Amino acid sequence: MSTILFIGDVVARAGRRVVRDLLPGLREELAIDFVVANGENAAGGLGITPKEAAELYGVGVDVITLGNHTYRHREVWPYLDEQPNIIRPANFLPTQPGRGTTLVERDGGSLGVVNLSGNLFMQAGSPALLTIDDALREVEDAELVLVDMHAEATSEKVALGWHLDGRVTAVVGTHTHVPTADARVLPGGTAYITDVGMTGARGGVIGVRREQSIAVMRSHMPQRYDSAEEDPWLNAVLIRGRGRRADSIEQILRPGSGP
Ligand SMILES: [Fe+2]
Ligand SMILES: [Fe+2]
């Protein structure tokens with residue numbers, strides 16, 4: 001039996017601080033083997049640089065997945081080609097830096113991770129539900145496989161869950177920054193949730209300071225966005241499984257210690 005903690009979109013400093021403060025305790029409490037975190041908002045709320053990636057690895061994250069904000073910071077482009085354990089959606093174009101799958105080993109066990117992007121309201125090179133078949137071949141030697149489907153539309157995530165039921169250990173959704181209440185093990189044995197949520201400040205609007213976001217919505221005029229700091233939370237799921245069969249998926253929603 002292996003245990004995977006998947007952490008939803010880590011947003012800005014508030015989110016990184018929650019991961020740093022809570023992960024050591026959770027690792028002990030929940031006997032975690034693998035930690036995967038979506039880091040597409042780790043740098044000031046948009047994108048990631050090698051600095052934030054190193055910070056996440058330093059506090060115990062094994063694999064970082066990304067999404068639509070992957071290329072926001074130029075410094076990360078070569079890093080994505082060099083570092084095996086930070087992955088961007090597998091259905092991006094071959095001309096875009098980075099890879100879409102990785103495999104990590106720990107105490108004799110192994111976890112394959114695949115990142116995908118949805119197609120509705122997102123710029124992905126090919127359909128997620130087609131690309132996944134090739135991507136799974138790249139991690140076929142892994143004992144456990146987790147897929148992070150970074151997508152806006154709930155329908156695309158639900159469809160992927162069914163398409164992969166029985167073939168992977170877990171399909172988890174990210175991107176909306178709001179956790180959904182549908183975590184369950186599907187009949188074929190795959191753990192599934194439509195969205196894990198966001199690890200960051202709940203006092204903002206999906207990570208942005210709320211007064212700024214409200215002002216833009218009321219005025220239709222651009223203005224600067226800063227990352228929220230108030231009321232930080234960890235939004236994650238814990239998956240227990242053996243091979244491609246999950247025993248359980250459980251939401252881990254915990255308040256952080258505050259700024
Ligand atoms: Fe995000
Ligand atoms: Fe996103």
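Me: What coordinates the iron ion (ligand 2)?
Reply: Glu40 (OE), Asn68 (OD1), His150 (NE2) and His175 (ND1), at 2.1 to 2.2 Å. Donors are N, O and S atoms within 2.8 Å of the metal (3.2 Å for Na, K and Ca); water is not among the atoms, so sites may look incomplete. This is a predicted model, where local features need pLDDT of at least 70, side-chain atom pairs count only at pLDDT 80 or more, and totals for chains, interfaces and linings use all residues. Residues are numbered from 1 along each chain as its sequence is written, chains are lettered from A and ligands numbered from 1 in the order in which they are written, and side-chain values use heavy atoms, with hydrogens and water left out.

Me: What angles do the four donor atoms of ligand 2 make?
Reply: They span 87 to 147°, and the site is irregular. Four donors are tetrahedral if all angles lie between 85 and 135 degrees; four are square planar and six octahedral if opposite donors are over 155 degrees apart and all others between 65 and 115; anything else is irregular.

Me: How far apart are the two iron ions?
Reply: 3.4 Å, and Glu40 coordinates both.

Me: Are Glu40 and His175 buried or exposed?
Reply: Both are buried (under 20% relative accessible area; exposed is over 50%, partly exposed in between, with a 1.4 Å probe and protein chains only).

Me: Now ligand 1. Which residues hold that iron ion?
Reply: The iron ion (ligand 1) is coordinated by Asp9 (OD), Glu40 (OE), Asn41 (OD1) and His177 (NE2), at 2.1 to 2.2 Å.

Me: How are those donors spaced along the chain?
Reply: The pattern is D-x30-E-N-x135-H.
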